[in-house]
Amino acid sequence: MKSVEDLPPVDIRPESCIRDAPTTFWKTLLQLGPGLIIAGSIVGSGELIATTKTGAQAGITLLWLIILGCVIKVFVQIELGRHTIIHGQTALQALNQVPGRFLSLNWIVWFWLAMMISGIVQLGGIVGGVGQAAAIAMPLTGDYRAAIEIPSEKEIRWMLDWEETRENNQETFTSLPEGERERILEGGKLLRERLTELGDRGSNALTQVENNEKLIDPYTYDDKYWALAAALITVGLLYNGRYGLIQNLTTVLVVMFTFITIGNFVALQSTVEWHLSSTEILNGLSFGLPSATKDGRALATALAAFGIIGVGAAELVSYPYWCLEKGYALHTGPHDGTDAWYKRAKGWLRVMHVDVFLSMIVYTVATVAFYLIGVAVLYRFGRDPEGMRMTSTLAEAYDPMFGEYASWMFLIGAIAVLYSTFLVANAGHTRTYTDLFKLLGWIPRGDRVKHWRSISTLGCILPILCLIIFCTNIKPDVAVLAAGIMQALLLPMLGVGALFFRYWQTEDRLKPSIWFDICLLVSCVSFFITGAWGAYENFGSLISKYLM
């Protein structure tokens with residue numbers, strides 16, 4: 001399907017492009033798609049990495065925050081989509097109208113640009129995750145597999161700290177809940193066995209950590225080679241790619257791994273050893289906070305995850321672009337004030353609502369499944385997906401059910417969802433950056449040739465830039481969470497924009513119900529709370545831990 005930019009401007013669109021919205025359920029389903037693209041963009045980084053990592057660090061306690069992060073953002077997403085359908089404007093065009101400008105751009109657009117720069121770093125981490133998964137499944141030299149056999153410094157230190165606590169501070173250890181003690185004992189035992197099996201390599205790593213020496217991970221090439229392959233494939237797809245290709249490929253990749261993950265959790269619940277009781281799940285829904293951890297990162301990780309799970313800030317901005325390319329605003333036609341236009345607008349707004357809520361169900365179910373398997377398996381054994389071991393540690397969450405097939409099932413799924421995130425996010429970035437160039441006056445808004453030339457050029461540049469960032473040996477999990485912080489900070493600003501559109505630019509005949517207004521206000525308030533809280537929790541610790 002052609003982009004709206006391939007057609008005349010909104011006010012002079014030909015009547016042949018205008019049509020009523022479908023009214024039957026099945027015909028409405030055929031018009032869905034933007035939400036599925038967004039779901040494909042978020043399952044890789046938000047769900048697979050950030051959500052599972054949060055479960056591994058915090059346990060069941062923050063289940064409520066994960067669900068809230070998926071559901072609450074929908075109302076801002078709808079308001080941005082509403083504005084696009086009514087006015088035929090892109091997200092950046094609309095946000096640039098919010099009061100408050102600096103130089104030629106609105107203050108929200110400037111911060112969005114800062115967030116997008118961090119998003120390039122995030123995608124460097126994502127393509128690194130693709131490279132890690134492929135390097136485990138299909139090693140070229142074997143250097144990556146050999147490197148991750150040795151536990152990380154953090155894991156070894158966790159084992160030693162609890163062994164010391166059991167030996168010298170029995171009171172502290174016995175004061176823990178019985179399940180927590182069992183988790184620590186079993187996790188420590190497995191790490192000891194793993195170090196013993198590695199012989200001299202394991203012994204040397206253990207000695208270094210005991211002597212408080214930094215355990216430096218080696219630079220590997222297998223993961224870089226596979227990341228290069230992923231980047232080049234993405235360049236090829238984006239150079240000539242259009243909406244339909246991106247939508248269809250994303251849908252297949254996301255559905256495939258989502259079913260694997262849900263099946264894994266259901267299977268875990270059928271066992272005595274791995275299942276989560278109803279009491280534990282209710283505890284996770286009780287609005288509690290995690291107890292203090294050794295490194296204090298559980299809540300900070302969760303708040304960073306809040307920025308990217310569900311519909312993240314970047315996806316909120318991208319969603320109107322996919323609505324335009326799907327044709328929602330195009331089919332509504334230019335605002336001529338007639339009853340027929342209002343009827344079409346209401347119809348396509350209804351289609352957009354269905355698109356949003358169905359995609360929300362998809363990614364909320366997937367998110368909760370990722371979180372709970374992180375709790376059920378990784379949290380119990382003190383495992384934390386990080387650095388070069390991020391993907392291999394995530395794969396361990398599938399071991400109890402799938403055994404020797406776990407790695408293959410996980411790796412195929414991980415490659416699918418991580419790559420779908422990499423593809424869709426880069427596709428969205430090519431469009432939003434092109435729109436930014438138009439706001440800056442670098443590209444004439446009505447020049448369709450330069451529009452697609454910019455998208456194709458950026459489709460070649462951005463994936464390679466992400467690859468270069470990964471090759472600097474950046475930790476994929478840190479890159480994803482750092483971008484999550486920036487997205488969490490942008491959320492309150494997008495809330496301001498949504499409120500501006502709702503109360504100053506929505507016509508009376510297209511205003512939503514009072515219940516929607518209440519939910520929108522609650523959504524915006526949650527954005528302000530998590531944005532401020534996330535800034536407080538993350539910036540100081542992130543700087544001190546990773547930069548100093």
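Is arginine 183 buried or exposed, and what is its relative accessible area?

Modeller: Arginine 183 is buried, with a relative accessible area of 10%. Buried means under 20% relative accessible area, exposed means over 50%, and partly exposed is in between, using a 1.4 Å probe and protein chains only. The model is predicted, so local features need pLDDT of at least 70 and side-chain atom pairs count only at pLDDT 80 or more, while totals for chains, interfaces and linings use all residues. Residues are numbered from 1 along each chain as its sequence is written, and side-chain values use heavy atoms, with hydrogens and water left out.

Arginine 183 is found in helix 10 (residues 178-197). Helices here are DSSP runs of H or I with at least four residues, strands are runs of E with at least two, and the numbering starts from the N terminus. Arginine 183 and tyrosine 379 are 196 residues apart in sequence, yet 8.0 Å separates them in space, C-alpha to C-alpha.

Next, helix 18 (residues 339-378). Helix 18 is mostly covered, with 28 of its 40 residues buried.

Charged pairs come next. Side chains of opposite charge can pair when their charged atoms come close. A salt bridge is counted when a side-chain nitrogen of Lys or Arg is within 4 Å of a carboxyl oxygen of Asp or Glu. By this rule the count comes to ten salt bridges. One of the salt bridges joins glutamate 325 and arginine 431, with the closest N and O atoms 2.4 Å apart. That pair links distant parts of the chain, since glutamate 325 is in helix 16 (residues 313-326) and arginine 431 is in helix 21 (residues 406-439), 106 residues apart. Glutamate 325 is buried at a relative accessible area of 4%, and arginine 431 also counts as buried at 4%.

Another salt bridge is local: arginine 82 pairs with glutamate 79, the closest N and O atoms being 3.2 Å apart. Arginine 82 and glutamate 79 are three residues apart in helix 4, so about one helical turn separates them. Both arginine 82 and glutamate 79 are buried.

A charge sits over a ring if NZ of Lys or CZ of Arg is within 6 Å of the ring centre and within 35 degrees of the ring normal. Arginine 166 lies over the face of phenylalanine 173 at 5.8 Å from the ring centre.

Tyrosine 219 leads on to the aromatic residues, as Tyr219, Tyr221 and Tyr225 form one aromatic cluster. Rings of Phe, Tyr and Trp (its six-membered ring) pair if their centres lie within 6.5 Å; planes under 30 degrees apart count as stacked, over 60 as edge-to-face and the rest as tilted. A search of the whole structure finds 14 aromatic pairs. Among them, phenylalanine 75 and phenylalanine 516 have ring centres 5.9 Å apart and planes at 65 degrees, so the pair is edge-to-face. This pair links distant parts of the chain, with phenylalanine 75 in helix 4 (residues 74-87) and phenylalanine 516 in helix 24 (residues 514-546), 441 residues apart. Phenylalanine 75 is buried at 13% relative accessible area, and phenylalanine 516 counts as buried at 8%.

Asparagine 212 has a positive phi of about 60 degrees although it is not a glycine. Asparagine 212 is in the loop between helix 11 (200-210) and helix 12 (222-240), and is exposed, with a relative accessible area of 63%. Asparagine 473 has a positive phi near 75 degrees. Asparagine 473 is in the loop between helix 22 (448-471) and helix 23 (476-504), and is partly exposed at 37%.
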